Amino acid sequence: MVDTDEAIQIAMRFLAGRLAERQDLRDPPGVQGVTVEQVVTATGARPCHIVSFGWPLRVAVDQQTGDADMLR
């Protein structure tokens, strides 16, 4: 199970990777907050840490697997 501190690290690495793919040279923003919510995926609802950053940007980190993805 992924704890909050680990979820923040996973989300920060995920966001840095996304910015690098886009050749965006800005530093990733700081974490503004973390909540735990159910996120609905194609395979059902999953409990996730939702890591919010300094602009309208959120990364979901699955509590069980540690998989990360952007929320829209």
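In this predicted model, the largest nonpolar core is built from 13 residues, and the ones with the most contacts inside it are Ala 11, Phe 53, Val 59 and Val 61. Three elements, α1 (4-21), β2 (44-53) and β3 (58-62), each put in at least two residues of this core. Helix α1 gives the largest share, with 6 residues. Leaving aside residues up to four places away in sequence, Ala 11 touches Val 51, Phe 53, Val 59 and Val 61.

Now for the strands. There are 4 of them in an open sheet, lined up in the order β1-β2-β3-β4 with antiparallel pairing. The edges are taken by β1 and β4 (68-71), each of which pairs on one side only. On average, neighbouring strands of the sheet are turned by 30° against each other, direction ignored. As for the helix, α1 packs on this sheet and touches β1, β2, β3 and β4, with its direction at about 75° to that of β2.

At one end of the strand order, β1 (residues 31-41) runs antiparallel to β2, and 10 bridges join the two. One of the pairings here links Gln 38 to Pro 47, its bridge partner in β2.

At the other end, β3 and β4 also pair in the antiparallel sense, over 4 bridges. Here Val 61 has Ala 68 as its bridge partner in β4.

Notes. Residues are numbered from 1 along each chain as its sequence is written. This is a predicted model: local features need pLDDT of at least 70, side-chain atom pairs count only at pLDDT 80 or more; totals for chains, interfaces and linings use all residues. Side-chain values use heavy atoms; hydrogens and water are left out. A nonpolar core is a set of buried Ala, Val, Leu, Ile, Met, Phe, Trp, Tyr and Cys residues joined through side-chain atoms within 4.5 Å. Buried means under 20% relative accessible area, exposed over 50%, partly exposed in between (1.4 Å probe, protein chains only). Contact means heavy atoms within 4.5 Å. Two strands pair if DSSP finds at least two bridges between them. Axes are lines fitted to C-alpha atoms, for helices over the stretch in contact, and angles run from 0 to 180 degrees between N-to-C directions.
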